[in-house]
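Please open the structure below in your viewer and keep the selection tool at hand. The tour moves from one selection to the next and says what is found at each stop.

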Amino acid sequence: MLFGSNKLVGLDIGTSSIKLVEVEATKKKITLTSFGFIPTPPGSITAGEINNPEALSEAIRKLVAQSKTKRRKACTSIWGTAVITKKISIPRIERNVLSEQLKWEAEQYIPFDINEINLEYHVLDEVRASPDQMNVLLVAAKRDFVMRYAEVVEAAGLECSVVDVSGFALANCFEVNYGKTPNQTLALLNIGAGMTNFVILENGEATFSRDIPVGGITYTNDIQKVMGVSLEEAESLKISAGTGQPVPQEVSDVLVQTNEVVAEEIRRSFDFYLATSSDASIHKIYVTGGGLGLPGLYEQLQSSLSLPIENLNPFINIDFNRRVFSEEYISQISPYASVGLGLALRQARDNA
């Protein structure tokens, strides 16, 4: 978390849609009470960078009105190249002086001006560290980048109580549903429209997070180039292919080729993690996101990564209000819900 909350709505601001999620928590269970989404205004956000804050705020305002939520505090998340995470090892020091020391350490690892960033950290599993060393996960984001997200939310009439990182929200949702998973190294992939969130969990802790610049829009752009059609027509052809409707053979060929490109880009990030980590193996991959609806991508990932893959189910330990949602609707939104749930769960887990 980059800022600080009570009863919140989770607000997942993505390239193609904005999702609003509300949950209720008791000591016995967590229940989804509201889920809404609205298309992101075209061009208003690119690779996590906000280009048109007024259009985004207006869309969020409409979404809040549609959802009829009474809550006015929100948790949103940032993503893209302006967010950097880095696991480091430093000589063990007292916690009360750690924050100041990490500012000096961050200058070695973070390619931004230290005076222009929000810097957070999390001390990782002490058991695995040597007696004289401690492992710390640094999280840095450009301050103006964070503030733009907060301002967009505030301009929509909400109070921006927490600004999180999308990859960590994904990990939060996973932990609530699957537990801490000790003695395993797991990978999480959320394949969105403009970006893929990639997170590594070691013994249940997020130790690596990276946003990979591939997603559903990669396919739309490739179809547009090959078919010589507009972006809108290319998107329509992609959706038709994803829902099993007949499309020209050229479109099917593009999907096969783009699956290979996307899987290769993701594989490079896996290779980067393995090359820079002392943990030499990943046991399993959990995948989610709207991009999974693209024909053949799941199978291509299995082939390229040569690891067991399973769909991430964000509703294993999260119930839903059956007077509001049907089983069919929950099944339909599951691939799109993990980050939003992870954001909404920030307060739920504090209150449960």
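Select β7 and strand β9 (residues 133–142), which run antiparallel and are joined by nine bridges; strands here are DSSP runs of E with at least two residues, helices are runs of H or I with at least four, and both are numbered from the N terminus. Within this pair, Ser 89 stands opposite Asn 135 in β9. The model is a predicted one, in which local features need pLDDT of at least 70 and side-chain atom pairs count only at pLDDT 80 or more, while totals for chains, interfaces and linings use all residues. Residues are numbered from 1 along each chain as its sequence is written, and side-chain values use heavy atoms, with hydrogens and water left out.

Within helix α3 (residues 143–155), pick out Tyr 149. Is Tyr 149 buried or exposed? Tyr 149 counts as buried because its relative accessibility is 1%, the limits being under 20% relative accessible area for buried, over 50% for exposed and partly exposed in between, with a 1.4 Å probe and protein chains only. Beyond its neighbours within four places in sequence, Tyr 149 is in contact (heavy atoms within 4.5 Å) with residues including Ile 13, Ile 45, Ile 50 and Trp 79.

Finally, move to helix α1 (residues 53–67), whose 15 residues reach 21 Å from the first C-alpha to the last. Colour Leu 56, Ser 57, Ala 59, Ile 60, Leu 63, Val 64 and Ser 67, which are buried in α1. Seen down the axis of α1, these buried residues fall within an arc of 160 degrees, so they line one face of the helix; the arc is that of the directions from the helix axis to the C-beta atoms. On the other side of α1, Glu 54, Ala 65 and Gln 66 are exposed. The cover over the buried residues of α1 includes β1 (8–13), β2 (17–25), β3 (30–39) and α3.

Methods: Expected span 1.5 Å × (residues − 1). Pairing = 2+ DSSP bridges.
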